[in-house]
Amino acid sequence: MECKRQKRIAVINDFSGFGRCSLTVSLPVISAMGIQCCAVPTAVLSNHTGYEDYFFDDYTDKMKYYYSKWEKLGLEFDGIYTGFLGSERQVDIVSDFIGRFAGENTRIIVDPVMGDDGRTYATLTPGLCRNIARLIRHSDIITPNLTEACILTETPYTREISSIDTLMSIAEKLVELGSKNIVITGIDQGNDICNFIYEHDGNSLLLKSPRSGSRRAGTGDVFASVIAADMVNGAALCDSVKKAADFVSKAITASDEMQIPEQDGLCFELFLGELIQ
């Protein structure tokens, strides 16, 4: 008799103890959606780097030792979700992890954390950019924001990029990198924030959401965590993107009403019940 188990997602990201981002977002969101969330830390931080001061412990040299024990346990994963990677070496380590743990039916989501609002993060080097682009070929879904989509496709960035033709052109270049399904997030259209969806069958859709408030740390992590869990649960991508956008919008509005500092992220905990299957 076959032994049944709960579905699992391995999440490869940094752990920031304070600030609602990365693994501290993915663990509760994915768990609320009925999936066992298994964390692989790329670094351990007291709080994320958006604060003036923080403790940082690079986990690069420990990662292979860490997941080698999982290999001995014979663990299998229904999904693998990669987030912030701080070095070229970590991209190679993630590729190795995927090679060891991705089975025939494992779904992979790559969130290529590289920059925002037209600016790259301080850790992004040309070599790291090339390696992240190489990682995309493993993915079933990628969730770059508009800045990251432009970096990956060498497209000049402007906040005014919002036409379907331009977004289609960017998406087609991402397909050439090996991606199957693409969600480009954070597209500015005046009073709306949009997400552009391009699916493997060539269908595309621009989903609009009313702008709900301030720009907050960890928003992309919350969004991608919902998409990752839905991916494993078999939800349609368009439905999943709408769910993630609505969830983020509610959390931003509540956080602004409570006057939570922007670097403290989203008060998503208030709405986790809405994600429970």
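Trainee: Does A244 count as buried or exposed?
Mentor: The relative accessibility of A244 is 0%; buried means under 20% relative accessible area, exposed over 50% and partly exposed in between, with a 1.4 Å probe and protein chains only. The model is predicted, so local features need pLDDT of at least 70 and side-chain atom pairs pLDDT 80 or more, while totals for chains, interfaces and linings use all residues. Residues are numbered from 1 along each chain as its sequence is written, and side-chain values use heavy atoms, without hydrogens and water. At 0%, A244 therefore counts as buried.

Trainee: With which residues is A244 in contact, leaving aside neighbours within four places in sequence?
Mentor: A244 lies in helix α8, residues 237–257; helices (H or I, at least four residues) and strands (E, at least two) are DSSP runs numbered from the N terminus. Contact means heavy atoms within 4.5 Å. By that rule, the partners of A244 are F223, V226 and I227.

Trainee: Which element gives the most to the lining of the second largest pocket?
Mentor: On a 1 Å grid over the protein atoms alone, a pocket is an open set of points with protein on both sides within 12 Å along at least five of seven lines, a cavity is a set where a 1.4 Å probe fits but cannot get out, and lining residues have an atom within 4 Å of a point. The lining here is P126, C129, R130, A133, I151, L152, T153, E154 and L177. The most, 4 residues, comes from α4.

Trainee: How much space lies in the largest cavity?
Mentor: T82, G83, L85, V110, D111, P112, I132 and L135 line the largest cavity. Volume is the space filled by probe spheres set on the grid points, which are joined across faces, edges and corners. For this cavity, that space is about 30 Å³.
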